[in-house]
Amino acid sequence: MKRSVFPVYYTWFDKLGWVGLRALCGAVLFFLLLPILVIIPLSFSDSSFLTYPITGWSLRWYQELFASPDWARATRNSFIVAPLATIIATALGTLAAVGLARVQFFGKGLITSLLIAPMVVPIVVVGVSTYLFFARIGLSDSYTALILVHAALGAPFVVTTVLATLQGFNQNLVRASLGLGVGPIQTFFRITLPVIAPGVISGGLFAFATSFDEVVVTLFLAGPLQGTLPRQMFTGIRENISPTIAAVATLLILFTASLMVVLEWLRGRVK
Amino acid sequence: MKIKPVILALAATATIALPALAQSELTVVNFGGANGAAQKKAYFEPFEKSGAAKVIAVEYNGEQAKIKAMVEAKKVVWDVVEVESPDLNRGCDEGLFEKLDWAKIGNKSDFQPAAVHECGVGVFVWSTVMAYNADKIKNAPTSWADFWNTSKYPGKRGMRKGARYNLEFALMADGVKAADVYKVLATKDGADRAFKKLTELKPNIQFWEAGAQPPQFLVAGDVVMSTAFNGRIDAAQREGKNLQITWTGGIYDLDYWVMPAGGPNKDLATKFIAMASSPNEQAEYARNISYGPTNNKALTKLDASVLAKLPTSPSNSKDALRFNITFWADQGEALEKRFAAWAAQ
Amino acid sequence: MNASATLPHTQPVRTGLARTTLLAQLRRVERRKRLRAMALTLPLLLFLAVTFLVPLGALLMRAVENPEVAGTLVRTGAALQHWDRTSAPPDAAYAAIVQDLGAIPETAQAGVLARRLNTEIGGARSLIMSTYRALPLANSATPEQARVALLALDPRWGELPFWWAIAKNSSRWTPDYLLTALDLKRDAQGHIGRVGADEAAFSEILVRTFYISSVVTLVCIALGYPLAYWLSTLNARRANLMMILLLLPFWTSVLVRIAAWIVLLQSSGLVNRFLMFLGVINEPLALLFNRLGVIIAMVHILLPFMVLPLYSVMKSIPNNYVKAAISLGSPPFTAFLRVYVPQTFPGVAAGGLLVFITAIGYYVTPALLGGPGDQMLSYYVAQYTNVEVNWGMACALGSVLLTATLVLYVFYRRFAKSELSLG
């Protein structure tokens, strides 16, 4: 007798439900992926309108993209702001997570909430408050303000990720190292850090993605010369959706997809 | 002979002299799009060619908050900015802009009266008009009443998101003559009447925010008629799209060059503004986009086909009215809030 | 054997008094550990304090600050203090305002004052600026003469609303921005009441923000629950593969996804073309620049925020409960409903609150995809900051949004035993 995929006790209703569930999930996954699948081919279309069917193929939008000084400036700015913000966020966040991990101290709950606050506060409130504040001290329209606030937005992700990693960290390694006479700082760099490295790196990647994709705070804090890629896309979508946007979108999808692959691989290492 | 001191001296003079030889930069801010492209051709390139300075063109969407923040923090990085007329008045009152030295710019009598202001010079005259897709509409609409007539012209209409212009258009569609519009609008009944008329059209309105959107909507067929900036429609026409303008009842206004107060390049900025306001350059600008020059001497340099498309030409400005800055400076915030409430219903 | 040689961080143990000394040493070591842990969190704390918390505090302060009138019209404020608000203002007030306006050193400050009063009553801007420019007034030595001169200059000086505006704003602090943000206002006597129907925008906007966020949250639960459940039943390899498919849109830039939705939903876009090809509709549907487009795009962006916490909760539910229920005779579906689903409620609450909290703060998606009737509260915060340049109002609206978010976050902490995280 052929073995059915359904358990023996399933009625027709249950079988229907089983099939229906998978159909629904397929539809939802399709819904999630559709926009990404749709925009990639359009970047190779030769028409200047973003409509299907695609009549001809060409690389001219990529050529326009690479020749445009606005997009070049935006790309340069994104790759200046995001890495610097990530470094600050990762360094400070890892330190804070190590401090929060094992030890109970006075006010730990309050401090934890404060450190996570940037994830909770509405982003436009962050944008307006930092804009008015930094403008008053003369730092509006500057890289400094942008990098600092992006780092503040990314730090909570580092803290939560590294904290989660530290839950599984074997404290005996540290005790052994201390017992062998190694100082605490050296212990941290030579024992703790390499073990939690996957967590630190994935937290750093989260922070990088947060800064790289950030648009609302950038709309307030960045002047026209500090505009990042999302800022430029925002203007582009408002003004005129040309296939150049589709070309940028495709490149960004490829970039973040590769980041994501690295992250998933690291997640496997952490668990 | 000691070589070292000589070299040091040479190096010292070089470091002092080089910055003077290095080209200075001027940051000019405008609204981008077709307007920005025309400015590049008519103003920035000649200015750079004359060797005065390198022009860094920057785009913005009119946010005055950035200028205010810059001036208050005393860290001004924008040298010349193109602003709309309400912002000119407001900013001048609040001390955000430098007072211009007209002696260095030009003869005041050469310019249209509206273009002369203590804080700014008019850049061009533009008009918010009714545009339609001539491929979809065969008999041209002739008035704002036609814009509201959805049985004669079925389809959606594009309107700018906000109370400005729309209230005036609504009153004109309701039968108010162009010359009386602001008088009526200043009264409470007038404002109620305008909003009531807008409510009539509301189900058919698609709102736009950026100047590039109306031509896009018209070409894509999302709307059959739209309010639009005349220059953007002109740009679409140059690209071969069959969009036409009905000039009756258009609202014209000027954009102005201003210099944020406390900027480091005041003289260079004044030089740029002077150059951009001279007849030849203004004529070149008008050839690239159909916005009217503010320097009357530039009109003589333009041929008839260009002149016919300008908002300032006699046939186009016949029934037009000038945007009333004082009225909007006073009532703007309240009316925009009312519009937000109206849009929510 | 010398014990001190092997343990470098403690002192040698002694007998007799050994326990007390050891306890004291332990306490000392523990305290040092605690201090060290606190010190490690200090750099990030200070950093966040400067770049994040202090600006937030400044925002809350600015929502109630009112320096423009109080700083310039000092004498006028004093003269109006005992005014009953119903009869004409005293002559001393007229004289005072002439003096105060004359004492303003720069036009810039007059302009700021004019703008502030104009937000109270339209028309004040031109009144103040024209008066300022006309100063000094001839024949205005005595208060009566000052009154006559002012009324001759501009008859609006005889209208009470302008004086109400000045009297109301003479103090350094004002509740008016916050009141306006809640569609309330103070009348001339200082009593609080609702604003007129055609001015009441913000309560409607707040309701709209919550409504859109609720719809998005419910749709996310409806779509995300089955997906998370199915993912949790897969084996590890397949689950990883499906996870990648789920996370790819999650990691894609928001603006990329919005651009893609505009392409899909426009009247000549794929969705309309497909539906017309199927013959379901004859005319393209309006899917863009309206509420439907905003909800579709927001669901798309926020769905992973629902699926990930739900998935991690579901993975931790042991499946023997359901099996036990079935073995006791329950139909599989009933077992699912009555045994499995209740165990997932914490995950649903956590995911739902996460989605809701994120949704009410949304700005970019409604701004690019919605009509003017679909803009959420964040949009108006940005408008008041950039366009109207009314920073008091912007901060007041921001404070309202912030308060709502913090209240919801407190609820979230109660349901989710852990911090805001994505599983």
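# Briefing: chain contacts and helix packing

Helix 12 of chain C is mostly covered, with 12 of its 12 residues buried (a residue is buried if 20 or more other C-beta atoms, placed from the backbone, lie within 10 Å of its own, exposed if 12 or fewer, and partly exposed in between). This is a predicted model, in which local features need pLDDT of at least 70 and side-chain atom pairs count only at pLDDT 80 or more, while totals for chains, interfaces and linings use all residues. Residues are numbered from 1 along each chain as its sequence is written, chains are lettered from A and ligands numbered from 1 in the order in which they are written. Helices (H or I, at least four residues) and strands (E, at least two) are DSSP runs, numbered from the N terminus.

- Helix 1 of chain A packs against helix 12 of chain C at an angle of about 80°, with the axes 9 Å apart (axes are lines fitted to C-alpha atoms, for helices over the stretch in contact, and angles run from 0 to 180 degrees between N-to-C directions).
- The two helices are therefore roughly perpendicular to each other (65 to 115 degrees; under 35 counts as roughly parallel, over 145 as roughly antiparallel and the rest as oblique).
- From helix 1 of chain A, A:Pro35, A:Ile36, A:Val38, A:Ile39 and A:Leu42 meet residues of helix 12 of chain C that include C:Arg257, C:Ala260 and C:Trp261 (contact requires C-beta atoms, placed from the backbone, within 7 Å).
- By class, this contact has 11 nonpolar, no polar and one charged residues (Ala, Val, Leu, Ile, Met, Phe, Trp, Tyr, Cys and Pro count as nonpolar, Asp, Glu, Lys and Arg as charged, and the others, Gly among them, as polar).

**Interfaces of chain A**

- The contact between chains A and C takes 76 residues from chain A and 72 residues from chain C.
- Helix 1 of chain A gives the most to the side of chain A that touches chain C, with 17 residues.
- That side of chain A has 60 nonpolar, 11 polar and five charged residues.
- Towards chain B, 11 residues of chain A are in contact with 14 residues of chain B.
- Helix 5 (123–136) and helix 10 (229–239) of chain A are the elements that give two or more residues to the side touching chain B.
- The side of chain A that touches chain B has three nonpolar, four polar and four charged residues.

**Chain B**

- Chain B has 16 helices and 10 strands, and its C-alpha trace spans about 95 × 40 × 40 Å along its principal axes.
- Of the 345 residues in chain B, 50% are buried.
- The axes of helix 7 (residues 166–173) and helix 9 (residues 188–201) of chain B come within 8 Å and cross at roughly 85°.
- Helix 7 and helix 9 of chain B are therefore roughly perpendicular to each other.
- Their contact has six nonpolar, two polar and two charged residues.
- In helix 13 (residues 279–288) of chain B, the buried residues include B:Glu281, B:Tyr285 and B:Asn288.

**Confidence in chain A**

- Chain A averages a pLDDT of 85, and 94% of the residues score at least 70 (pLDDT is the predictor's confidence in each residue, from 0 to 100).
- Within chain A, confidence is highest in helix 3, at a mean of 92, and lowest in helix 11, at 81.

Key:
Contact = placed C-beta atoms within 7 Å.
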